[in-house]
Amino acid sequence: MIPVAEARARILAGVVPLPAEQVALTEALGRVLAEDVAARLTHPPLAVSAMDGWAVRTADIQALPVELRRIGSAPAGQPFPGTLGPGDAVRIFTGGALPDGADTVVVQEDCDDLGESVRVKDGSGPGRWVRPAGQDFAAGVVGFKAGRRLGVRDLSLAAAMNVPWLKVRRRPRVAILATGDEIVMPGDTLAPGQIVSSNALAIAALVKTLGGEPLDLGIARDEATALSQALDGARGADLLVTCGGASVGEHDLVRKVLGDRGLDLGFWKIAMRPGKPLMFGRLDGMPVLGLPGNPVSSLVCALLFLRPLLLALLGLQAEPRFIRAVAGTDLPANDGREDYLRATLAPGPDGMPVATPFPKQDSGMLSRLAWADGLVLRARHAPAAPAGTVVEVLPLDDV
Ligand SMILES: Nc1nc2c(c(=O)[nH]1)N[C@H]1C(S)=C(S)[C@@H](COP(=O)(O)OP(=O)(O)OC[C@H]3O[C@@H](n4cnc5c(N)ncnc54)[C@H](O)[C@@H]3O)O[C@H]1N2
Ligand code: MOO
């Protein structure tokens, strides 16, 4: 059994980000930028008004009230072509270009529109309610750097920068194979002894959440030919994930079948709970992760190994991010397997959350995983720790 950190290091060794592809802005949400994005224009392109009102010269509004001559108007998109001279005013609207000669805007609430003229009753110095050209960004300014996962606000900025297409990392294609004679699809009628496949569905959802493309290879029976045939479907994938059949029983055939197909086995079995029988290798260069069948083991392994691998393929920071919390209960001494305890998180008195592991941690109990807020990390051979001890927690709020 190798330690968790070593297993992850071996999985990530030599992984390079996938090639880039170009997508329309409308398809870019959640994708990871492969190159810096620079503004293709200056915003605002010229000085514009921030309010509906009147564009005037500060020199003309020193003594108030004052009546100024209306010489035109400047709605957004239709700049006033002339220049303001002494005593002139131009009706202006939010987003309208500030006319030449004007240096300030007075909001319409502080003016009386008299038709041919305007009475200005209040107003302040130069630049008031004026958005200078380039206040937001100038052409050529880098809005985002390569390696950023694009969110809703980023799409808005890219659009404003007049960038209608973006170079992003190709989505990792992940073939997912569930195995087991007893496994049926959710919604199927169950014969005695059968159970519903929860793993493959969850793994596919995780892959999608991370920006990958799951490829469902279905459920293979515990039989070498069936397994081997199902594995044919992984051709062209960037990564193969199997669920179940990873342990030592005589029905646990995955490793053998993969071996017959030429798997270059990296490791099998790690010092971790849940997830001991995790397997990793390469099949014609394609990484293969053999997840244990127990549903909790499968998902926890996916979070600690599959997620980093997918992130690395997308060129993102791959190491899991832990937060600190205080233990809500006494923690017993740990054995030689790094332990990940499903726990609730509650606000603590000094700002640090309190992590309270569920009393029972069997790796078949998905309910506790779904109800947990985080996984409390217990190092190998960690001594007993009383409630209140600071612990590391892998948050589950994003999965
Ligand atoms: N003698 C030993 N037995 C076991 C060991 C061991 O070291 N010695 N390791 C245990 C550990 S730890 C784990 S984890 C499991 C993993 O076993 P497998 O990967 O071979 O998984 P299966 O035997 O196929 O299934 C285990 C369990 O999970 C259920 N399962 C399988 N696939 C799915 C699925 N897609 N969705 C939901 N549930 C699934 C399956 O029905 C079993 O109940 O081995 C221990 N045994
Ligand atoms: O690793 Mo197993 O996941 O302990 O049940």
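I take helix axes as lines fitted to C-alpha atoms over the stretch in contact, with angles between N-to-C directions. The model I am looking at is predicted.

**Entry: two helices**

I looked up how helix α1, residues 4–12, sits against α6. They pack at an angle of about 30°, and their axes are 10 Å apart. Angles under 35 degrees count as roughly parallel, so I noted α1 and α6 as roughly parallel to each other. I also noted the handedness: α1 passes α6 in a right-handed crossing.

Next I listed who makes the contact. From α1 come Val4, Ala7, Arg8, Ile11 and Leu12. From α6 come Leu304, Phe305, Pro308, Leu309 and Ala312. I sorted the residues of this contact of α1 with α6 by type and got nine nonpolar, no polar and one charged.

**Entry: ligand 1**

I then turned to ligand 1 and found 26 residues surrounding it. The closest are Gly244, Ala246, Ser247, Pro292 and Gly293. Which helices supply at least two residues each of this shell? I wrote down α3, residues 199–209, and α6, residues 295–313. By type, the shell around ligand 1 holds eleven nonpolar, twelve polar and three charged residues.

**Entry: ligand 2**

Last, I checked what surrounds ligand 2. I found Arg273, Pro274, Gly275 and Lys276, along with Pro292, Asn294, Ser297 and Ser363. How do the residues of this shell divide by type? I counted two nonpolar, four polar and two charged around ligand 2.

Notes:
Residues are numbered from 1 along each chain as its sequence is written. Chains are lettered from A and ligands numbered from 1 in the order in which they are written. This is a predicted model: local features need pLDDT of at least 70, side-chain atom pairs count only at pLDDT 80 or more; totals for chains, interfaces and linings use all residues. A residue is near a molecule or strand if its C-beta atom, placed from the backbone, lies within 6 Å of it. Ala, Val, Leu, Ile, Met, Phe, Trp, Tyr, Cys and Pro count as nonpolar, Asp, Glu, Lys and Arg as charged, and the others, Gly among them, as polar. Helices (H or I, at least four residues) and strands (E, at least two) are DSSP runs, numbered from the N terminus. Axes are lines fitted to C-alpha atoms, for helices over the stretch in contact, and angles run from 0 to 180 degrees between N-to-C directions. Angles under 35 degrees count as roughly parallel, over 145 as roughly antiparallel, 65 to 115 as roughly perpendicular and the rest as oblique. A crossing is left-handed if the near helix is turned anticlockwise from the far one by less than a right angle, and right-handed if clockwise. Two residues are in contact if their C-beta atoms, placed from the backbone, lie within 7 Å.
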